[in-house]
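Let's take a friendly walk through a protein structure, one feature at a time. Keep the 3D view open as you read.

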Amino acid sequence: MQRWQWSKSPVTRVLFRGQRVHVKRDDVFHLAGNKGNLAAAKALGMRHVELATDEYHELVQIRAFAELLDSELRPPPGTRSLYVPQGAAFPEAQDGVALLAQEINEYVATEWPDKRFSVVLPCGTGTTALYLAQHLHPAIRLYAVPCVGDAAYLRQQFQQLIEDDPSLQQQQQPVKLPQVLTPRRKCRFGRLWWPLYDMHHELLKETKLGFDLVYGAFAWHTLFSDAAVLDEVLGRVDSLSASSVDPRSLLLGTEGEDAGWNGERELLYVHTGGTSGNATMLARYEQKKRREKREAMSFRELRNLTEMMRALGYPRPISMENFRQPNFELVSDLLYWMVKKYDPSSSVTEEIDTEEDRVVFLTQVATEVLAKARIRLNPKKLYAADGFAVKELIKLARVLYEASRIDLATQQEPDDDDDEVSVKSLLASRVKDPKATRQLASDITQAGAKLYDLLEAELDVRDARQHAIRFLDALSSKTENSSEQKYLERTIQELLTNLQENVELTERQVVDLDAEEKALAAKIKKAQTDLERSEKRLQSLQHVRPAFMDEYEKLEKELERQYAIYCERFRNLDYLQRELDLHNSREMKKLAENDRSLKKLQKKFRDDELAILRGEQEDQIENSMLDAMEANNNNGRHSSGSKARQASGSSGGNQKGKAAAGAAADKKKAGGDEGNSSGADSGSDSGNSDDDDDSSDDSVAAGAAPSGRAGNGAAGAASGDGSDSDQVSLADSGELIDNDDDSGSEAGSGSGSGSEASGSETNSDSDQDF
C-alpha cells in the first residue's frame with residue numbers, strides 16, 4: 001500500500017447569499033467512492049463490533065479499549081495498536097490540528113494581511129475546535145457550531161478533553177476556548193430535516209462545492225438562517241459601537257492585536273469532509289419524500305369516501321387508518337363492489353393473486369367504468385392502493401351516492417317505458433332541490449340557445465363542410481404528389497413555422513423573465529439583508545446607554561424640584577395680587593366716599609354762606625355748621641366713643657365762629673386789613689401744620705376765642721346802635737367763611753388736644769385722610 005503524503009489543503013473563495021466565504025477544503029483526501037461511510041470503512045477492512053448502549057457508555061467512561069480488543073478481535077501477539085475514540089477525542093489529535101492552524105495562519109498573513117478573520121467549523125466532540133484555538137493567531141476568532149448536542153454539551157466535551165490532556169493542564173497560560181454559537185433552530189443529530197436538505201442543494205448550486213448533510217449543512221444553516229449569528233461572527237456588532245462591545249462576540253483569551261479592530265471580518269469555514277456519507281443520506285431523503293407523498297392524503301376525501309360507502313351499504317367497515325399503508329385488497333374489493341352495484345351484469349374478474357391478475361383486474365374495471373359511467377380512472381394510482389387511490393375511488397362512489405338519493409316513489413307504473421320513468425324520477429328528485437332546479441333550468445335555456453345558433457349557421461357552414469369532405473376524399477384517393485397533398489404539406493409547414501416562432505418568442509420572454517426574476521430576487525435578498533442588519537444595529541443601539549443619560553436624569557430631577565417651587569411661588573403671587581386688588585378697590589371706594597362727603601360739605605357751606613348774605617339769624621348758621629361737622633365726623637371713620645370730644649370741638653368751633661363774626665365787624669369799622677390778614681394767616685397755619693406748632697397755634701386760637709366773642713358782641717352792639725350799614729362783599733364773606741371753617745376745625749382739634757391727647761391724634765389722622 002502506497003504511503004500517503006501530507007500536503008496543504010487548498011482554500012477556495014466562494015460567494016453565498018451575497019457574502020464572501022473562504023472555504024478551507026480539508027476534504028480532498030477521499031478514501032473511497034460515494035458509497036457511504038460504513039461501506040467505505042468496510043471496504044478498507046474495518047470489522048464492525050456491535051455493543052449495547054450501556055456497554056458502549058461504560059467503555060467510553062473507563063476507556064478499557066485493550067480488554068475489548070483482546071476479547072473481541074484477538075489480534076496476534078506483537079500487534080501494535082492505537083485506540084481512537086469517537087470523534088478522535090484524544091490528545092494525539094493535537095498534532096494534526098496544529099498543522100491545520102499553521103496553514104490558516106499562513107494564509108491570513110500572506111493573502112489578507114490587512115484583514116481580520118473569523119474561523120467557523122462544525123463540531124461533534126469539539127476536539128478540532130479546542131486544539132485549533134490553542135494554535136491560531138490571537139487576532140483570529142474561532143467559532144464552533146454544536147452539531148451533536150447543545151452548547152452546554154459541547155462545553156462539557158471541552159472540559160473532558162482538557163482533563164484528559166496533560167499538556168493543556170501544564171500550560172502557564174489559561175486554556176483558550178472557542179466561542180460556541182447557539183443555533184436558532186435545532187434538530188436531533190442524524191435525523192432527516194428538510195432545511196438541511198435545502199441548504200445542501202443551495203450550497204451545491206451556488207458554490208459548486210459538496211458539503212456533508214450532517215455537519216456541514218447544519219453549520220451553514222446556523223450561520224445564514226439567523227442574521228444575528230452572522231453579524232456576531234463577522235464583527236458587525238463591534239463595528240457599530242467600539243465603546244460598548246457585546247461580551248458574546250469576544251473570544252476568551254484574545255487580546256493584543258485584536259483589541260483595536262472594529263471593522264467587518266472575513267469569514268473562513270473549515271470544510272472537514274465527510275461527503276462520502278451523502279449517498280446514503282440522500283437516499284434516505286428520497287425515501288422520506290416518497291413516504292410523505294404517499295401519505296399526502298386529504299382527510300376530508302377519506303372521510304367522504306367512508307360516509308358514502310356506509311350510506312351505499314358496503315358490508316365491510318372502512319376506517320381512517322386503512323390507507324396509511326398500501327392496501328390493494330381493500331381497493332380491489334371496493335372497485336368490484338361498486339362496479340357490480342352500478343351494473344350487476346358486468347363481467348369483471350376477481351383474481352388478484354399475481355401481478356398480472358392485478359393489472360388485468362384494474363384494466364377491466366377502468367374500461368367498464370369509462371364505457372358505462374363516462375368516468376376516467378387512473379389505473380396507476382389505483383394500483384398504488386394508497387392515499388392517492390382514494391381520489392380515484394371517490395369518483396365512482398360519488399356517482400352511486402347521488403343516484404341513491406333519487407326518490408323512486410314518484411315513478412309511474414311498471415309497464416311504462418323505462419326511459420320515461422328514469423327521466424321523470426330524475427326530474428322529480430331535482431325539483432325537490434330549488435337551487436338545483438334553477439341551475440337545471442338555466443342549463444336547458446343555454447343549451448337551447450346554443451342549438452338555435454348552430455342551426456342558424458347551418459346554411460353557411462354546409463358548403464364549407466361539403467368542400468372539406470370532398471378535399472379529404474380527394475386526399476385519401478390520390479397519390480402523394482397530388483395538389484391536395486402539397487397544399488396540406490405547405491399549410492402544415494406554415495403552421496409549424498409560426499409555431500416555432502411563437503416558441504422562440506416565448507423562450508426569449510421566459511429567459512428575460514428569469515433574468516428579471518433573478519435580479520429582483522437579488523435585490524430582495526439584499527434589501528432583506530440590509531433590513532436585518534439595520535434591525536440588528538437598532539437593537540444594539542437600544543441596549544446601549546447614552547453617555548449623557550446620568551446628567552439628563554439629574555437635570556430632570558432638578559427640573560421637577562424647581563417646577564414645584566415655581567408653582568408654589570406662582571400661587572402665592574397670584575394670591576397677593578388678588579389681595580392687593582381688593583385693597584385698592586376698598587381704597588378707591590373710600591376715596592370716592594370722601595369726595596362725595598366733601599362735595600356735600602362744600603354745597604352745605606355755600607348754602608350757609610348764601611343764608612348769611614341774605615341776613616338770616618346766627619342760630620340758623622350755627623345749627624347748619626354743627627350739622628355739617630357731625631356729618632363730616634361720621635364719614636371720617638370716627639368711633640362712637642369719641643362723640644363727646646366731637647361735641648366739645650363743635651362748641652369751640654361755635655365760639656370761634658362768633659369771634660370771627662365779631663372780628664369781621666371790627667375790621668369793617670376800623671377799615672384796616674391787618675386783622676383780616678392776621679386771621680387768615682392764623683387759619684392757614686392752623687389748617688396746614690402737622691407738627692407740634694399746630695397744637696400750640698390751636699391753643700392760642702382757643703384762648704383768643706372769648707375775646708373774639710366779646711368783640712363780636714361789641715360789634716353787634718355797635719352795628720345795632722345805628723352805625724353805617726356797610727355790607728360785607730361776597731368775596732370777603734367767602735374768605736371769612738373759609739377761615740372760620742378752618743379755624744373752627746382747628747379750634748375743635750385744639751380743644752380736644754387740650755382736654756385729651758388721643759383726640760388730637762385721631763383728628764390729625766382724619767385730616768390727613770381727608
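Which residues are linked with Arg236 in a network of salt bridges? The partners are Asp231 and Glu264, which together with Arg236 make up the network. Keep in mind throughout that this is a predicted model.

**Salt bridges**

Why might such contacts form? Side chains of opposite charge can pair when their charged atoms come close. The structure holds 16 salt bridges, and three of them are set out below.

| Salt bridge | N to O distance |
|---|---|
| Glu103 and Lys24 | 2.6 Å |
| Glu458 and Arg465 | 2.7 Å |
| Lys590 and Glu587 | 3.8 Å |

Start with the pair Glu103 and Lys24, whose side chains meet in a salt bridge at 2.6 Å, N to O. This pair links distant parts of the chain: Glu103 belongs to helix H4 (residues 93–111), Lys24 belongs to strand E2, and 79 residues separate them. Are these two residues buried or exposed? Both Glu103 and Lys24 are buried.

Next, look for Glu458 and Arg465. Glu458 has a relative accessible area of 25%, so it counts as partly exposed. Arg465 is also partly exposed, because its relative accessibility is 33%.

Lys590 and Glu587 both lie in helix H22 (residues 549–613), three residues apart, which is about one turn of the helix. Lys590 is partly exposed because its relative accessibility is 37%, and Glu587, at 30%, is partly exposed as well.

**The sheet**

Now turn to the strands. In what order do the six strands of the open sheet run? The order is E1-E2-E6-E3-E4-E5, and the pairing is mixed. At the edges you will find E1 and strand E5 (179–180), each of which pairs on one side only. Strand E4 (residues 141–146) pairs with E5 in the parallel sense, over two bridges.

Most residues other than glycine have a negative phi, and most peptide bonds are trans.

Arg17 has a phi near 55 degrees, a positive value in a residue other than glycine. Where is Arg17 placed? Look in the loop between strand E1 (11–16) and strand E2 (19–25). Arg17 has a relative accessible area of 29%, so it is partly exposed.

Lys208 is not a glycine either, yet its phi is positive, at about 60 degrees. Lys208 sits in the loop between helix H8 (194–207) and helix H9 (216–225). Why does Lys208 count as exposed? The reason is its relative accessibility of 63%, since exposed means over 50%.

**A nonpolar patch**

Which residues make the nonpolar surface patch of about 340 Å²? The patch is made by Ile492, Leu496, Leu499 and Val503. One of these residues, Leu496, lies in helix H21 (residues 483–543). Leu496 counts as partly exposed because its relative accessibility is 48%.

Definitions and conventions. Residues numbered from 1 in each chain as written. Predicted model: local features only at pLDDT ≥ 70, side-chain atom pairs only at ≥ 80, totals over all residues. Heavy atoms only, no water. Patch = residues over 30% accessible without salt bridge, like charges linked within 9 Å, V, L, I, M, F, W, Y side chains within 5 Å. Areas by Shrake-Rupley, 256 points an atom, 1.4 Å probe, with all protein chains shown as cover. Salt bridge = Lys/Arg side-chain N within 4 Å of Asp/Glu carboxyl O. Helix = DSSP H or I, 4+ residues; strand = E, 2+ residues; numbered from the N terminus. Buried < 20%, exposed > 50% of the residue type's maximum accessible area, 1.4 Å probe, protein only. Pairing = 2+ DSSP bridges.
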